Amino acid sequence: MTTAPVAEHRLPLAGRHIALGVTGSIAAFKAADLASKLRQAGATVEVVMTPAATQFVTPLTFQSLTGRDVVVDMFSAREAEAHIEVARRADALVIAPATADCLANLATGQTPDMVTLTALATRAPVLVAPAMDNQMWEHPATQANVATLRGRGVTLVGPNPGRLATGRVGAGRLAEVPEVLGALRTVLGKLHGDLAGRRVVVSAGGTQEPLDPVRYVGNRSTGKMGFAIAEAARDRGAEVTIVAGPVALETPFGIARVDVGTVAQMLAALETATAGSDALVMSAAPADFRPNDPAEHKLKKAPGEDSMHVHLAKNPDILASLPGGGVRVGFAAETQNLAANAVAKLASKRLDFIVGNDVTAAGSGFGTDTNQVTIFHAGGRIEELPLMTKYEVAHAIWDRVAERLRARE
Ligand code: CTP
């Protein structure tokens, strides 16, 4: 099975001009991977370094990875012009890693090097990923600098807790590359996205309805589609809450996550989350039935017992029970009669549109990275979309939600 590559305009960092500032921390080597991932994501990357950073990684490393000159010395004749141009061209400046010294200079507006100079000269959003020893991070001087930077609208990502270069354990590790990329997509989304200022709610994954303390009734939903929907909304600037059943997925940067186990918990969490929301996309696969009377202790086999009867009680229909949520989108995962089933659910769940897919079709369904969906709109319009990545399907959904939001205004 082949899949078309993600359309260029759907890559959130494609065509963006990212200035990457690297300062003198041992974590500087991780900035090489960041530079590479930024370029793979379609961004143009221009690296500026402090002299201290070049002690850890050479400018040639970044030059090779980005295909562009790296600026270190702001006084060299060739680079004299370049130093302001990097700041002007940037859609965003990412400083990773940022040392304690760098944070202090940023807070006071001092420009002893190309990184801090670029930060002062640019009008683009600035994202800072600190990395240092935990005692330096926790020092009131550093914390005061961080508060100053946050107050000025700088986005901080990390530092994360864990093992530090000194061998100690504490807060001070550079944020991982996916987190930094997520933070950058969040910042750019808020600036340019068509969902900026909107609050949206997404549900994802299946539910687990307990049979006894160690067993449950559930389904095979992995939550991938829901998480892709949440990420795409964030990339378009929305404030996103994801209500997730038990799934093995990391929380993407910038997304508020509420974890739930059962349908009853999912309904309660969604009631709170959808109060005043602009849209609800219900991609979760809630279990329709739950064991009527879960056992207090682990169920044991009785001698000679060849079968077991479990009485299941019907769970509430979450969409039908929720009064509002804004633009309402549901899913219909079917194995037969897709159109008839989807259209019936569209009406009974009071949806603006429903995303139907045949989970038995190649490339669609549980655990895949792609999906081929048909969108059934209230009012009768039907759109059959091609096989796409789940992230592209997510954008197709938000395109239609955005359209409906605009139409309502
Ligand atoms: N849904 C819901 N509450 C439930 C079950 C489903 O809100 N208890 C939502 C799903 O998140 C999805 C839509 O309703 O957006 C359709 O889900 P689906 O499982 O296909 O439909 P059901 O209503 O459960 O109907 P059936 O299982 O009989 O096909």
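## A proline in a loop

Proline 159 lies in the loop between strand 5 (155–156) and strand 6 (160–163), where strands (E, at least two residues) and helices (H or I, at least four) are DSSP runs numbered from the N terminus. The peptide bond that joins glycine 158 to proline 159 is cis, with omega at about 0 degrees. This is a predicted model, in which local features need pLDDT of at least 70 and side-chain atom pairs count only at pLDDT 80 or more, while totals for chains, interfaces and linings use all residues. Residues are numbered from 1 along each chain as its sequence is written, and side-chain values use heavy atoms, with hydrogens and water left out.

## Other backbone features

A cis peptide bond also runs from alanine 96 to proline 97, with omega near -5 degrees, and proline 97 belongs to strand 3 (residues 92–98). Asparagine 337, a residue other than glycine, has a positive phi near 50 degrees, and is found in the loop between strand 16 and helix 13 (338–348). Most residues other than glycine have a negative phi, and most peptide bonds are trans.

## The largest pocket

The largest pocket has a volume of about 920 Å³. On a 1 Å grid over the protein atoms alone, a pocket is an open set of points with protein on both sides within 12 Å along at least five of seven lines, a cavity is a set where a 1.4 Å probe fits but cannot get out, and lining residues have an atom within 4 Å of a point. Grid points are joined across faces, edges and corners, and a volume is the space filled by probe spheres set on the points.

Of the 35 residues that line the largest pocket, Ala284, Ala285, Pro286, Phe331 and Ala333 lie nearest its centre. Helix 10 (224–235), helix 12 (318–321) and strand 16 (327–334) are the elements that give two or more residues to this lining.

## The second largest pocket

The second largest pocket has a volume of about 760 Å³, and among its 25 lining residues the closest to its centre are Arg185, Ala228, Glu231, Arg234 and Tyr391. At least two lining residues each come from helix 9 (177–192), helix 10 and helix 14 (390–408). Because domain 1 (17–188) and domain 2 (195–292 + 312–408) both give residues to the lining, the second largest pocket lies between them; the domain bounds come from an automatic or database domain assignment.

## Around the ligand

The ligand is surrounded by 14 residues, of which Met282, Ala284, Asp288, Lys345 and Lys349 are the closest; a residue counts as near if one of its heavy atoms lies within 4 Å. A polar backbone atom of alanine 284 is 2.7 Å from an oxygen atom of the ligand, and a polar side-chain atom of lysine 345 lies 2.7 Å from an oxygen atom of the ligand. A backbone N or O atom of proline 316 is 3.0 Å from a nitrogen atom of the ligand.

## The cavity

The structure holds one cavity of 30 Å³ or more, and the largest cavity has a volume of about 30 Å³. Its lining is formed by Lys30, Ala31, Leu34, Ala96, Leu174, Ala175, Val177 and Val180, and helix 1 (28–40) and helix 9 are the elements that give two or more residues to the lining. Helix 1 gives the most, with three residues.

Conventions. Polar contact = N/O pair within 3.5 Å; in protein donor to acceptor, adjacent residues only side chain to side chain.
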